[in-house]
Amino acid sequence: MNKAIFIAALGFALVTAQAQAADIRVHYAIPTIWSDTQEKLADVFMQKNPDIKVTIDGPAEGYADGVQRLLRESVAGNLPDVAYVGLNRWRALEARGITKPLDPFIGNPMDFEKAGFSAAIRSLGIYKGKQHALATSASTMVMYVNPDLVKQAGGSMENFPTTFDGIIQLAAKIDALGDSVEGVWIGRHDWRFQGVLGSHGGRPLNDDESDVTFDSDAGVAAATIYSRFLKEGGMPTYGQNDARQAFPAGTLGIFFESSSLLNKFTEAAGKNFKVNVLPTPVVVKDKSKAYFPTGGSAIVMLTDDAEKQSAVWRYMQFVTGPEGAKIIVENTGYAPTNTIVLSDDAYLGNFYASNQNARVAHAQVAAHAGPWYAYPGPEGVAVTDLIGATLVEISEGADPKTAIKALADTVRGKLGMK
Amino acid sequence: MFNLSRKSREALTDMMLAGPATLAMGMLIFIPVIIVAFLSFTDYQMGAKTLRWVGVDNYATLISDPIGRRAIVNTLLYVAIVVPFSIALSLLVAIGLHGMADWSPSFSKALRAAYFLPVAATLVAMALAWQMLLHPSIGLINMALIHVGLPAPAWFSDRGLVMYTLALIGIWQSVGYNMVLFLAGLAVIPQHLYDAAEVDGAVTVWDRFWTVTWPMLGPTTLFVAVITATNAFRVFETVATLTRGGPAFASDTLVYALYREGFVYFKVSYASAITIVFFVFVCTLTIVQYRVLQKRVHYT
């Protein structure tokens, strides 16, 4: 063969090899919500970055399964390069040294803020001053309201109460409409409780996470809301699934639930009634002290390889940037985590024009997003179920103050505090 | 070829037939059980790179912790309800359908299929159907109860009631399978035994049942009891899909607790301890049932 052609061919081969230099593996969970979105994100990203090939691992069924799988893969030494995990789950990976801190990639925080990453949103992925995760989708607890029941009970959407007192009164009136009609329901669950707590300006843990603080005055007030929902609002002893069936069926008036279920409820209610979304009331006087724990997903870097890390960082910037946020919001119903898409109508202006409920929900995220506190240590997940159990007791009649103080002591014991 | 005696050649054949399966069983069952038993004495967490020997700590926690104890008590309660009711009901149904086959074979067959349906269907899908039926306010059953003026119980969210609701579903689910086993048992009872019993003075249906049917069904009943009990001990799907052990751990069972501790809380060592306790329970129960019942069972 002619030498020149050979060298040219070799050179070409090298160039194409280099063009495919980075091949990154992506892990995600909950295909029922995410599968189409993930495909779209990968396709658009690869169009813009032809030198990087994105391979998507078979998805995990849920965030818990996903973390399990990542832990197993880390033991076996075949971790993917980048992963989407639950906002409340990435700490399990961080605790085992699996995630890579992102601060060296972020560089100047001011520039990063200008790129649409607000301090509130960044805080969702920070532990001990280091950025380990970037939020990719967010949801907080909102109020779903059935306007037909409100009207029948003598209320109106225009004068809908904005305080818990008003809501409890209205709930009692709705509850009185019939045997199978219920006024209000809220999940007896760690995340929902943190929401009511944050609305009162409380926090579940102190700053250095050395003590639980949900037995503060704000915590007792939050637990009292559960108790009053039962005693004054006639809250039924539903399970989470019962309530999720009852609301779209039109027999539940007011339902405190994650904003991520908006599409599902709107679809399920169909022509039954028009689902209305309102923000969760903020009780604390200084509104800046209120926050709502944010559910959703975050993206973490797992690879050790420097070359792959730079490819992964480009991918992470894309999916958390305005273009990625637009794809995620339009396809999943989650709120965006990039502030540019909220301020610049070029991205989601049309979407919000036809989705007033989404606008309300997403505005709450933008105003009050806060971390979904994960309790530290090996018993961290287990205590969230203890919290849920105490909320069940309170919403069945136990005294909120005694119950929440006893719970705090139990949790301190479990977590080895004091 | 080697000159082996007939006996050793047969032995070699036996080894070749049973060997691979034995080897696979050793690798896939016994070795994992040993590993699980070992982990139950450590503090191993999923994904952790180190582990520490903690002795019987995990077992002590399981017995002293109110949540662990509740899982054990709930499981025993579930077994205590499901086993007798499932056996009694399926025997009644089997005797009824066996008799019905004489005068209306096609109707008997249709009913058999209906009773067997819960066994053939996936329990998870069926559990969702139960969830709709038993919804506290918009479920068909409670709407009917409200309609006739009866109180409408919260089947899955009343802490005092939830285990009984799950047991009811457990019975519903196992009756069909046990019925098929009893039908097979009934089919092989020779008619001449009934004739002989009648000659001997067993004139009522009741007499014939106690002198012929029940003793002849002994081996079947033993088998049904062992199978139903081990299945009841393993109750998981209904708990996982309908209640997730809630409300407030009121429907926690051993296998669900094992799943929760190991796969949700990542406490592999504690989950291993639960596994061993579960294993001991099932083995003990099976051996006791076998020993006690076998004395009374007549194999023909």
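So, let's start at A:Tyr315, which touches A:Ile24, A:Phe45, A:Ile52, A:Val54 and A:Val82, leaving out residues up to four places away in sequence. Touching, or being in contact, is defined by C-beta atoms, placed from the backbone, that lie within 7 Å. Before I go on: this is a predicted model, where local features need pLDDT of at least 70 and side-chain atom pairs count only at pLDDT 80 or more, while totals for chains, interfaces and linings use all residues. Residues are numbered from 1 along each chain as its sequence is written, and chains are lettered from A and ligands numbered from 1 in the order in which they are written.

Okay, back to our tyrosine. A:Tyr315 is among the residues with the most contacts inside the largest nonpolar core, together with A:Val82, A:Ala298, A:Val300 and B:Ile274, and that core has 178 residues. A nonpolar core here is a set of buried Ala, Val, Leu, Ile, Met, Phe, Trp, Tyr and Cys residues joined through C-beta atoms within 7 Å. Buried means 20 or more other C-beta atoms within 10 Å of the residue's own, exposed means 12 or fewer, and partly exposed is in between, with C-beta atoms placed from the backbone. Which helix gives this core its largest share? That's α7 (residues 162-187) of chain B, with 10 residues. Helices (H or I, at least four residues) and strands (E, at least two) are DSSP runs, numbered from the N terminus.

Now chain A as a whole. You'll find 20 helices and 13 strands in it, and 50% of its 418 residues count as buried. Its C-alpha trace spans about 90 × 55 × 35 Å along the principal axes.

Chain A is assigned two pieces: domain 1 (3-139 + 294-370) and domain 2 (141-292 + 374-415). Those bounds come from an automatic or database domain assignment. The domain centres, taken over C-alpha atoms, are 31 Å apart. Where they meet, 16 residues of domain 1 of chain A are in contact with 17 residues of domain 2 of chain A. On the domain 1 side, α18(A) gives the most, with 6 residues. By class, that side of domain 1 of chain A has 6 nonpolar, 9 polar and 1 charged residues. For those classes, Ala, Val, Leu, Ile, Met, Phe, Trp, Tyr, Cys and Pro are nonpolar, Asp, Glu, Lys and Arg are charged, and the others, Gly among them, are polar.

Next, the two chains together. 25 residues of chain B are in contact with 26 residues of chain A. Helices α6 (140-147) and α12 (254-264) of chain B each supply at least two residues of the chain B side. That side divides into 15 nonpolar, 8 polar and 2 charged residues.

Last stop: some loops in chain B. B:Tyr44 sits in the loop between α1 (6-39) and α2 (57-64) of chain B. Is B:Tyr44 buried or exposed? It counts as buried, because it has 21 C-beta neighbours inside 10 Å.

Most residues other than glycine have a negative phi. B:Ala248, though not a glycine, has a positive phi of about 50 degrees, and it's in the loop between α11 (237-243) and α12 of chain B. B:Phe266 isn't a glycine either, and its phi is positive at about 65 degrees. You'll find B:Phe266 in the loop between α12 and α13 (268-296) of chain B. B:Phe266 is buried, with 24 other C-beta atoms within 10 Å.

Methods. Two residues are in contact if their C-beta atoms, placed from the backbone, lie within 7 Å.
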